[in-house]
Amino acid sequence: MTAPVLVLVDHHDGVPRASGLELLTAARDLGPVEAVCIGEAGAQAAAEVGRFGAGALHVLTPGTTAPVALAAALARLVETTGAATVLMSSTFENKELAAHLALVTDAGLVVDAAGLETADGGRVVTVQQAFAATWTLRSEVLRPRAVVALKPNAVPATPVDTPFEPTVTTHDVDVSAMRERVVERTPRPTSGRPDLTEAQVVVVGGRGTEGDFSAVEELADVLGAAVGATRVATDEGWIGHEAQIGQTGVTVSPRLYVGAGVSGAVHHRGGMQASGTIVAVNADPEAPIFEIADLGVVGDLFTILPQAAAELRRLRPEG
Amino acid sequence: MKIVVCVKHVPDVQGDRGFTDDGTVDRGQGDGTLNELDENAVEAAVQLVEQHGGEVTVLTMGPADAEDAVRRGLQMGAAHAVHVQDDALEGSDAFATASVLAAAVRRIAEDGAVDLVVTGMASLDGLMSVLPSLLAARLDLPQATLAAEVTVDGGVVRVRRELDHATEVLEAPLPALVSVTDQANQPRYPNFKAIMAARKTPVTTWSLADLGLDASEVGAAGARTRVLEATPRPPREDRVLITDEGDAGVRIAQYLVENRLV
């Protein structure tokens with residue numbers, strides 16, 4: 001019998017995030033799927049993970065971000081379920097959890113994976129991008145167990161034909177030995193736009209916007225896109241730091257990336273080069289972003305973006 | 001307070017980075033540098049020592065070139081430098097690296113307890129961000145990672161962390177491990193005097209044997225993953241570059257529709 005796959009499904013107040021549904025989809029190729037949620041997750045979460053093929057939902061409470069305590073709880077689940085693989089989405093918090101979990105379960109560890117395969121004998125093989133996505137690596141996990149953190153948009157989420165009705169069990173997280181203390185936690189306000197890390201379409205403003213993001217936002221709204229920014233734009237305070245795409249900010253790999261006034265410094269490319277299609281508008285014909293843009297336009301973003309938005313509205317009047 | 005900062009020597013991000021045939025990072029290009037994000041770690045440590053007294057030791061693991069990374073740390077204000085170098089370390093994964101750095105931190109602590117271990121948020125070659133957690137686990141230290149702000153007061157370190165979906169303020173009792181982001185500070189540029197002074201500071205070199213570690217636990221032999229193949233990404237084909245003649249916005253819209261991107 002194939003060993004089960006544990007999938008950590010990130011959720012917002014019990015509603016699974018899109019990244020979690022993608023992971024459940026990817027996990028189905030590896031074995032029977034069991035979902036794990038951290039913190040209160042009820043019937044809605046169970047129905048949703050069942051729709052994407054999970055036969056069980058394990059709820060870990062209390063909800064905490066302490067990686068050591070969570071890793072211990074997950075390690076017990078690995079033990080009791082006999083899971084050979086644990087999948088999670090590659091966020092900063094999850095990567096810390098993945099590291100601790102791999103350590104205590106003696107598992108192989110891959111983070112920021114862009115794809116997942118199985119080799120002969122059930123070994124897990126991952127695909128990763130390296131050096132600002134200029135290289136592609138295929139790696140093999142050499143341990144019987146694997147912990148893999150997969151980037152959003154690596155696999156499209158598709159429901160199963162007949163939804164599963166997962167059994168729901170609750171497991172305690174022992175936080176008594178925790179030495180770290182969270183003094184304050186402020187959830188980021190939601191913008192009404194898609195989450196930047198998970199969005200299928202991202203419109204990004206850089207230095208060329210000179211702080212005026214109105215054209216970027218207008219196009220983003222027409223495209224149903226998330227809004228991102230370069231380091232310069234966030235350092236200038238034109239937009240919050242959480243919007244920064246790049247090596248030290250958010251890594252995005254949407255189907256469509258539109259850069260407006262983005263020069264394409266190596267720091268930024270490291271966070272977006274794996275995007276499907278890249279469209280760039282910049283006044284400087286020498287901007288390095290044009291080296292990687294599928295469609296590059298030299299010109300003034302303040303006239304081009306609104307024109308594109310208007311034309312898209314005309315072509316899709318229902319939108 | 002006594003602070004150890006772990007730093008890494010990495011290929012220059014502006015350079016031509018690649019992999020060798022056995023799937024390890026090509027470190028033979030000769031244009032390596034101190035991982036830029038580790039400069040934030042050194043800066044944070046030096047600032048804490050300036051406020052609270054004490055001294056900073058920079059620690060690295062890697063081939064001969066890696067000494068450049070700790071030299072840079074000395075120029076920025078570290079008092080001591082340690083370089084763990086051993087042929088058996090080649091191909092080490094993050095687990096082995098954490099074990100080696102942990103052993104080195106313990107050895108440094110023999111001359112006086114270490115209050116804080118500081119790292120950067122990621123190395124610009126691997127970008128995994130898992131080493132700080134693994135190192136904290138190996139040293140059995142509480143961790144306060146991804147700090148955009150670090151303060152120490154009364155034996156407690158307090159950090160502000162910008163996470164994916166929230167901002168958090170976290171406290172941990174010393175001794176602890178902290179990783180800092182590039183938002184934490186603006187690394188200083190060493191002046192001529194500091195550069196000259198750093199040249200005179202000896203760099204302590206330790207081998208695996210000095211740390212009481214066995215070669216079988218590290219290097220490619222002990223790695224939990226293996227690169228099967230590394231291939232440069234083919235350049236994007238059919239790229240189009242146009243100059244706006246008044247209709248570029250319409251052309252973008254048409255391009256998106258034709259390519260079924262909307």
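Guide: Pro62(A) sits in the loop between β5 (54–61) and α3 of chain A, where helices (H or I, at least four residues) and strands (E, at least two) are DSSP runs numbered from the N terminus. This is a predicted model, in which local features need pLDDT of at least 70 and side-chain atom pairs count only at pLDDT 80 or more, while totals for chains, interfaces and linings use all residues. Residues are numbered from 1 along each chain as its sequence is written, chains are lettered from A and ligands numbered from 1 in the order in which they are written, and side-chain values use heavy atoms, with hydrogens and water left out.

Visitor: Is the peptide bond from Thr61(A) to Pro62(A) cis or trans?

Guide: Most residues other than glycine have a negative phi, and most peptide bonds are trans. The bond from Thr61(A) to Pro62(A) is cis, with omega near 0°, and the bond from Leu174(B) to Pro175(B) is also cis, with omega near 0°; Pro175(B) belongs to the loop between β9 and β10 (176–180) of chain B. As for phi, Asp13(A), a residue other than glycine, has a positive value near 50°, and Asp13(A) lies in the loop between β2 (11–12) and β3 (15–16) of chain A.

Visitor: At what angle do the axes of helix α3 and helix α4 of chain B cross?

Guide: Two packed helices are described by the angle between their axes and the distance between the axes. In chain B, the axes of α3 (residues 94–109) and α4 (residues 131–139) come within 9 Å and cross at roughly 50°, with each axis fitted to C-alpha atoms over the stretch in contact and angles running from 0 to 180 degrees between N-to-C directions. The two helices, α3(B) and α4(B), are therefore oblique to each other (under 35 degrees is roughly parallel, over 145 roughly antiparallel, 65 to 115 roughly perpendicular, and the rest oblique). In the contact (heavy atoms within 4.5 Å), residues of α3(B) including Phe95(B), Leu101(B) and Val105(B) meet residues of α4(B), among them Leu131(B), Leu134(B) and Arg138(B).

Visitor: Which residues make the contact between α2(B) and α5(B)?

Guide: The axes of α2 (residues 67–75) and α5 (residues 192–200) of chain B come within 8 Å and cross at roughly 125°, which makes α2(B) oblique to α5(B). Arg71(B), Leu74(B) and Gln75(B) of α2(B) make the contact with Ala194(B), Ile195(B), Ala198(B) and Arg199(B) of α5(B).

Visitor: What volume does the largest cavity have?

Guide: Rolling a probe the size of a water molecule over the atoms shows where empty space is left. On a 1 Å grid over the protein atoms alone, a cavity is a set of points where a 1.4 Å probe fits but cannot get out, a pocket is an open set with protein on both sides within 12 Å along at least five of seven lines, and lining residues have an atom within 4 Å of a point. The count comes to 4 cavities of 30 Å³ or more, and the largest has a volume of about 90 Å³. Of the 13 residues lining the largest cavity, the closest to its centre are Thr65(A), Pro67(A), Gln143(B), Arg161(B) and Leu170(B). The largest share of this lining, 3 residues, comes from β7(B).

Visitor: Which residues are the closest to the centre of the second largest pocket?

Guide: About 340 Å³ of space lies in the second largest pocket, and of its 19 lining residues the closest to its centre are Val68(A), Ala69(A), Ala72(A), Ala177(A) and Arg179(A). Helices α3 (67–81) and α4 (92–105) of chain A and α4 of chain B each supply at least two residues of that lining, with the largest share, 6 residues, coming from α3(A).

Notes
Grid points are joined across faces, edges and corners, and a volume is the space filled by probe spheres set on the points.
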